[in-house]
Amino acid sequence: MKQWRWKTENKIIPIGKTFAVAPPWIEINRIRISLVMGSSFGTGIHETTISCIEEMENIEIKGRKVLDIGTGSGILSIAASKLGAEEIIAFDIDPNAVYECSQNIELNSVKNVKCSIASNIPQSEEKFDIILANIFDSAILGMATNIKTASQRGTMAILSGISPEESYTVKRKFIHLGFSLIKSRFLEEYVTYVLQMR
Ligand SMILES: C[S@@+](CC[C@H](N)C(=O)[O-])C[C@H]1O[C@@H](n2cnc3c(N)ncnc32)[C@H](O)[C@@H]1O
């Protein structure tokens, strides 16, 4: 059997009300996310990742189709799957992240996450119920029109990694595209927005 090394050797990182990042052998009474050792972003200790997971806990994910833009380690996709999402499409520009994400998908036994290399939302007619994008503001702004195209009435978008300086521009852009602002969270360094397509 392959010897995995874990991102959180012997540590439990509680996230939100229900999750914890922890290796498989530590007993926990939360929903477990185990992550292999690797260089990609998404360990569960960054404020943007935490805020996205906390906001995912506040919305109905069960049975929904989810798009995870800039998946990194796959942590948000795995959380979505464990919250009962029907299908999750994840992508990242970085091939190493996609490799790591694929390992984490396998190790967490989540069978409904498809992870691939891409730098923008794949052109298709497909609509999503929930769109997660913890990237940075310029990438979010660059994909804003495609995020709208991948949305339908009621689609929830959780956007993070936005600098306070660019937060107004991002908010205005999404409102202009037909989203309503549900929540703004000003974190220590970044802003997270929860928006819903009107
Ligand atoms: C801040 S990390 C977020 C990782 C994880 N989703 C989380 O919430 O912890 C941002 C990720 O977006 C990826 N990324 C940056 N620009 C991208 C783009 N244009 N398309 C896809 N992925 C991108 C990076 O490679 C990185 O893995």
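**Entry 1: Ala-157 and its contacts**

I looked up Ala-157 and set aside its neighbours within four places in sequence; the residues in contact with Ala-157 are then Ile-131, Ile-147, Ser-151, Phe-179 and Leu-195. I count two residues as in contact if their C-beta atoms, placed from the backbone, lie within 7 Å. The model is a predicted one, in which local features need pLDDT of at least 70 and side-chain atom pairs count only at pLDDT 80 or more, while totals for chains, interfaces and linings use all residues. Residue numbers start from 1 along each chain as its sequence is written.

I find Ala-157 in strand β8 (residues 151-162). For helices (H or I, at least four residues) and strands (E, at least two) I use DSSP runs, numbered from the N terminus. Is Ala-157 buried or exposed? Ala-157 counts as buried because it has 26 C-beta neighbours inside 10 Å. The cut-offs I apply are 20 or more other C-beta atoms within 10 Å of a residue's own for buried, 12 or fewer for exposed, and anything in between for partly exposed, with C-beta atoms placed from the backbone. I also noted the pair Ala-157 and Phe-174, which are 17 residues apart in sequence and 9.8 Å apart in space, C-alpha to C-alpha.

**Entry 2: Leu-159**

Strand β8 also holds Leu-159. I record Leu-159 as buried, because 29 other C-beta atoms lie within 10 Å. Which residues is Leu-159 in contact with, leaving aside its neighbours within four places in sequence? They are Ala-133, Ile-140, Val-170, Thr-192, Tyr-193 and Leu-195. Of these, I followed up Thr-192, which is 33 residues from Leu-159 in sequence but 5.5 Å from it in space, C-alpha to C-alpha.

**Entry 3: The chain**

I list five helices and ten strands in the chain. The C-alpha trace spans about 50 × 35 × 30 Å along its principal axes. A compact globule of 198 residues would have a radius of gyration near 16 Å, and the chain has 16 Å, so the two agree. That radius is taken over C-alpha atoms, and the globule rule is 2.2 Å times the number of residues to the power 0.38. Buried residues make up 44% of the 198 residues. Among contacts between residues at least 6 apart in sequence, I note that 63% join residues at least 24 apart.

Helix α3 (residues 95-107) has 13 residues and reaches 18 Å from its first C-alpha to its last, close to the 18 Å expected at 1.5 Å a residue. The expected span is 1.5 Å times one less than the number of residues. Which residues of α3 are buried? I find Ala-97, Val-98, Glu-100, Cys-101, Asn-104 and Ile-105 buried in α3. They cover an arc of only 165° around the axis, which means that they lie on the same side of α3. The arc is that of the directions from the helix axis to the C-beta atoms. An α-helix has 3.6 residues a turn, so residues three or four places apart point the same way.

Among the elements that cover the buried residues of α3 are α2, β5 and β6 (113-117). On the face turned away from the buried side of α3, I note the exposed residues Pro-95 and Glu-106.

In the loop between α3 and β6 I looked up Ser-109. Phi of Ser-109 is near 50°, a positive value in a residue other than glycine. Most residues other than glycine have a negative phi. Ser-109 counts as exposed because it has 10 C-beta neighbours inside 10 Å.

I found α2 mostly covered, with seven of its eight residues buried. The buried residues in α2 are Ile-75, Leu-76, Ser-77, Ile-78, Ala-79, Ala-80 and Ser-81. Just after α2, Gly-84 takes a positive phi of about 100°.

Helix α5 (residues 164-176) has 13 residues and reaches 19 Å from its first C-alpha to its last, close to the 18 Å expected at 1.5 Å a residue. Following α5 is Gly-178, with a positive phi near 110°.

In helix α1 I looked up Glu-54. Glu-54 counts as partly exposed because it has 17 C-beta neighbours inside 10 Å.
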